[in-house]
Structure formats: structure tokens, C-alpha cells
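Subject: Structure for you to look at

Hello,

Here is the structure I promised to pass on. Please open it and keep it beside this email while you read.

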Amino acid sequence: KGYFFVTRPRKNTLCIVSKTGANLEKDILGDDSVWIGNICNPLYPKEMRRVRYLHSLHGELVFLTNNFTLAASEIALVYKNRWQIELFFKWIKQNLVIKSFLGTSKNAVMNQVWVAMTYYLIVSYLKFQTRYEGSVLELTWVLKETLLARRSLIDLLSFTPQTFAKIPKEEFIENLTMF
């Protein structure tokens with residue numbers, strides 16, 4: 001179907017070099033055509049491309065791909081962008097509260113993710129505007145607990161021990177009896 005992949009091999013993967021690349025770019029240590037596994041019974045039925053890349057922080061990184069048309073530096077960039085996508089999904093799982101999807105269609109899932117992201121952005125903006133010291137998760141708890149309070153949200157989030165002492169006792173007791 002014309003798809004290609006870029007992956008990292010295991011440390012003990014047997015690679016048999018069939019052809020060595022000649023035009024090496026900056027930060028490219030090697031660009032070879034390889035067979036994975038033994039020649040009689042390869043793990044992948046076609047010849048693959050192995051790109052060895054010198055990363056400034058992580059040292060030598062090795063990539064395997066079935067794409068022979070892209071430049072070796074572009075193969076490294078494809079893997080880097082793939083990793084950014086994985087980090088984004090990890091962030092979504094850690095920060096957006098989506099316990100289960102309400103629908104299975106693409107539109108239902110996208111709507112639920114957009115609503116969760118919008119909620120997160122609004123709460124982050126409130127945290128920024130009020131200079132709230134706690135985390136976004138703590139702020140979410142505060143919002144849930146004070147949802148029915150008859151006070152401005154900005155006032156609730158701006159409470160400090162000094163401002164709390166300035167609230168008239170009658171108003172405080174009235175708000176408590178509401179719950």
C-alpha cells in the first residue's frame with residue numbers, strides 16, 4: 001500500500017550488511033542495506049535500510065526502515081517526529097481526564113478529546129489569572145467543591161489567609177449553610 005516505517009532495533013538484532021551507502025551526510029555514521037536475522041530465514045522478507053545517526057545527547061542511534069528514497073537525515077527526523085507524537089499522547093493520558101469514551105466513532109472521540117483539552121486550557125488560564133499556587137489538578141478539585149458557592153470564582157481562587165480573614169462572618173456562615 002506504499003506505507004513505510006521507521007523503528008529502532010533491539011541491541012542484539014542480527015543485521016547482515018548487503019550494501020554500504022557512500023554519500024554520508026553530517027551526523028550520519030552509516031547508511032546500509034541490511035537483512036534482519038539469518039540469510040536463510042530472515043525475520044523480515046525484504047531488504048531493509050539501517051541508518052546510524054549521531055545524536056548530540058544520546059550518542060549513536062540506529063534506525064531500521066523499509067524506505068530507500070528519503071535521505072538518511074530525514075529518516076532520523078521522521079523518528080524524532082514520531083517520538084513527539086508519542087509524548088503528546090502520553091501527555092493526553094496523564095493530564096486530560098477522559099475515563100472512557102462515550103462513543104466509538106471518530107467524531108465522538110475527537111469531540112470528547114477537544115472538550116477535555118478546552119477544559120484543561122480554561123482551568124490553566126484561571127490558574128494563570130489568579131496566580132493560584134497549587135497544581136491544575138488541585139484547582140480542578142477546588143472548582144468541583146465550590147461549584148455552588150455564591151462567590152466570584154476569581155475571589156475564591158485568590159483566597160489567602162489575609163483575605164479570608166476579611167470576609168464577614170455572616171456571609172461565611174451563610175455560604176456554609178447552603179451546603
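**Where helix 2 meets helix 3**

Tyr119, Tyr120, Val123, Ser124, Leu126 and Lys127 of helix 2 are in contact (heavy atoms within 4.5 Å) with Val136, Leu139, Thr140 and Leu143 of helix 3. Sorted by class, this contact has seven nonpolar, two polar and one charged residues. Here Ala, Val, Leu, Ile, Met, Phe, Trp, Tyr, Cys and Pro count as nonpolar, Asp, Glu, Lys and Arg as charged, and the others, Gly among them, as polar.

How do the axes of the two helices cross? The axes of helix 2 (residues 106-130) and helix 3 (residues 136-145) come within 10 Å and cross at roughly 95°. That makes helix 2 roughly perpendicular to helix 3. An axis is a line fitted to C-alpha atoms, for helices over the stretch in contact, and angles run from 0 to 180 degrees between N-to-C directions. Angles under 35 degrees count as roughly parallel, over 145 as roughly antiparallel, 65 to 115 as roughly perpendicular and the rest as oblique.

Threonine 140 belongs to helix 3 and is buried, at a relative accessible area of 11%. Buried means under 20% relative accessible area, exposed over 50%, and partly exposed in between (1.4 Å probe, protein chains only). Leaving out residues up to four places away in sequence, threonine 140 touches Tyr119 and Val123.

**How to read the model**

This is a predicted model, in which local features need pLDDT of at least 70 and side-chain atom pairs count only at pLDDT 80 or more, while totals for chains, interfaces and linings use all residues. Residues are numbered from 1 along each chain as its sequence is written, and side-chain values use heavy atoms, with hydrogens and water left out.

**The chain as a whole**

The protein chain has six helices and five strands, and from the N terminus on its elements run β-β-β-β-β-α-α-α-α-α-α. Helices (H or I, at least four residues) and strands (E, at least two) are DSSP runs, numbered from the N terminus. Of the 179 residues of the protein chain, 25% count as buried. Among contacts with a separation of 6 or more, 36% are between residues 24 or more positions apart.

Helix 1 (residues 72-95) has 24 residues and reaches 35 Å from its first C-alpha to its last, close to the 34 Å expected at 1.5 Å a residue. The expected span of a helix is 1.5 Å times one less than its number of residues. In helix 1, the residues Ala72, Ile75, Ala76, Tyr79 and Ile92 are buried. These buried residues pack against strand 1 (6-7), strand 3, strand 4 and strand 5 (59-65).

An α-helix has 3.6 residues a turn, so residues three or four places apart point the same way.

Is valine 34 buried or exposed? Valine 34, in strand 3 (residues 28-36), is buried, with a relative accessible area of 0%. Its contacts, not counting residues up to four places away in sequence, are Cys15, Ile16, Val17, Ser18, Glu47, Met48, Arg50 and Leu64. Valine 34 and methionine 48 are 14 residues apart in sequence and 5.2 Å apart in space, C-alpha to C-alpha.

Arginine 49 sits in strand 4 (residues 48-55) and is also buried, with a relative accessible area of 5%. A polar contact of 2.8 Å joins its side chain to that of aspartate 31. A polar contact is a pair of N or O atoms within 3.5 Å; within protein, one must be able to donate a hydrogen and the other to accept it, and residues adjacent in sequence count only if both atoms are side-chain atoms. A polar atom of the arginine 49 side chain also lies 2.6 Å from the backbone oxygen of leucine 70.

**Two loop residues**

Aspartate 27 is not a glycine, yet has a positive phi of about 70°. Aspartate 27 lies in the loop between strand 2 (15-20) and strand 3 and is partly exposed, at 32% relative accessible area. Arginine 131, also not a glycine, has a positive phi of about 55°. Arginine 131 lies in the loop between helix 2 and helix 3 and counts as exposed, at 67% relative accessibility.

Regards
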